[in-house]
Amino acid sequence: MGAAETASRTRNEHLTFRANRDAGRHGWLRLTPAYSHRLVAEALERCGRQRPVVCDPFSGSGTTGLVAAEQGHDAHLVDVNPFLVWFAAAKTRNYRPDELAEVAEVAAHIVRQGPGVDAAELWQPPLHRIERWWRPEELAALKALRYLIDETDLPPPGTDLLLVALCRTLIAVSDAAFDHQSMSFASRDSGGDGAPARTWARWEDDVGAVLAGAATPLPGRVAAHLGDARALEEDLPRCVDVLFTSPPYANRMSYVRELRPYMYWLRYLTEPRDAGELDWTAIGGTWGVATSRVGSWEPTQELPLDGELAEVCERIRDSGGRNAELLARYVHKYTDDMWRHFRSAAGILNPGGRAIYVVGNSSFFGEVVPVQEWYAQLLVEAGFRDVSVTVIRKRNSNRALFEYAVEATRP
Ligand SMILES: C[S@@+](CC[C@H](N)C(=O)[O-])C[C@H]1O[C@@H](n2cnc3c(N)ncnc32)[C@H](O)[C@@H]1O
């Protein structure tokens, strides 16, 4: 076994988003914070209940909902990001064969027409420095594609599939690299005359891949809600048997930042400020305006683990690192938000219901933030019992960083 393979095994990469690539609908879009469908499948099989109602209150790309539906369970998904709610709904819906045939027909028509469309005057997303994302030839093809999708009169489920394919294509032909934990820009030496043709061919392939996934019937039903995991009772009654989820980690990763290209092309973002505003509504968000708000955030409630939390925050402050004060507040606010979530989760779980959180710890200036321990304590304080913490995998070359499963039962 080579060194890279050994490292990949120790990090259990088959439990990360990488495992989703060739797994039908699970591979529709690559979202790095997504977990592997296998992790969810094993947990749902392990729960040993007949047709549990499943809930994922931080549902992201909808992995939990799709696995639940594949296993014949009903599921409720909640996310604060409207693009992800749209995507999860498209990914977990049942499509009739006649609907899919119509989509294939419309897509073929678009591919025939597309190369002849003059894109000069067409709408393009107001994405900052768009030229860093796409060369002019690819941008023109994407603009024509978006225009032709807008012009179709397919009912929404069909249009959604064309847009999912557009999302795949726009990343495939962009200069953004998704090989890291989050996005960066890579230089490419392609482009030129062949680029538009490649973009159309790529979209045609992407439509094919999306339609192939959509053809698989799902025995369970999924409802995707735009909502807040800190106030689940606003969207759901007490009906949940298994809560399986992965909340944001306390590592300053911004989902809105990673999702920007999709969100602009699908018009969920119309101006740069919106991205920061949306990130402020997310737990752990610090993109744009959210950063300055975290900087002046003050707690309004006591947390049951105030002592330990205060010590960690104090050590982060004392580290003298860049933005240490901001990061100390960030960790405090993150924990405060998760406390709100745990109390809310207790309100939607049926007696005997099981909650499973997949979460990674984090580190600022060498100071480890042991969120898995804090989750365990907060769950007990929120009324849960039988709490356990197990290591799922090592995350990267930093020796202190792991991913954990924190599990608890609601009495
Ligand atoms: C780690 S990701 C989940 C990824 C998911 N397990 C998957 O496989 O795609 C965390 C998600 O939490 C969402 N989120 C953040 N704050 C939230 C809140 N207050 N309520 C609901 N969802 C929230 C983010 O938008 C993000 O999609």
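## Ligand shell

In this predicted model, the shell around the ligand is made up of 15 nonpolar, 5 polar and 3 charged residues. The shell comprises 23 residues, and those that come nearest to the ligand are A34, F58, G60, S61 and T63.

When neighbours within four places in sequence are set aside, L84 is in contact with G60, S61 and D79.

L84 belongs to helix 4, which covers residues 82-91. This residue counts as buried because 26 C-beta neighbours lie inside 10 Å, where the threshold for burial is 20 or more.

## Domain organisation

The protein is divided into two domains: domain 1 consists of residues 3-91 together with 219-409, and domain 2 of residues 97-214. Taken over C-alpha atoms, the centres of domain 1 and domain 2 are 30 Å apart.

Where the domains meet, 18 residues of domain 1 are in contact with 23 residues of domain 2. On the side of domain 1 that touches domain 2, helix 9 (residues 255-265) supplies the largest share, with 6 residues. By class, that side of domain 1 has 10 nonpolar, 3 polar and 5 charged residues.

## Overall fold

The secondary structure of the protein comprises 14 helices and 11 strands. The radius of gyration is 22 Å, close to the 22 Å that the globule rule gives for 411 residues, so the protein is as compact as a globular protein of that length. The C-alpha trace spans about 65 × 50 × 50 Å along its principal axes.

Of the 411 residues in the protein, 46% are buried. Among contacts with a separation of 6 or more, 71% are accounted for by residues 24 or more positions apart.

Technical notes:
Residues are numbered from 1 along each chain as its sequence is written. This is a predicted model: local features need pLDDT of at least 70, side-chain atom pairs count only at pLDDT 80 or more; totals for chains, interfaces and linings use all residues. Domain bounds come from an automatic or database domain assignment. Two residues are in contact if their C-beta atoms, placed from the backbone, lie within 7 Å. Helices (H or I, at least four residues) and strands (E, at least two) are DSSP runs, numbered from the N terminus. Ala, Val, Leu, Ile, Met, Phe, Trp, Tyr, Cys and Pro count as nonpolar, Asp, Glu, Lys and Arg as charged, and the others, Gly among them, as polar. A residue is near a molecule or strand if its C-beta atom, placed from the backbone, lies within 6 Å of it. The radius of gyration is taken over C-alpha atoms; the globule rule is 2.2 Å times the number of residues to the power 0.38. A residue is buried if 20 or more other C-beta atoms lie within 10 Å of its own, exposed if 12 or fewer, and partly exposed in between; C-beta atoms are placed from the backbone.
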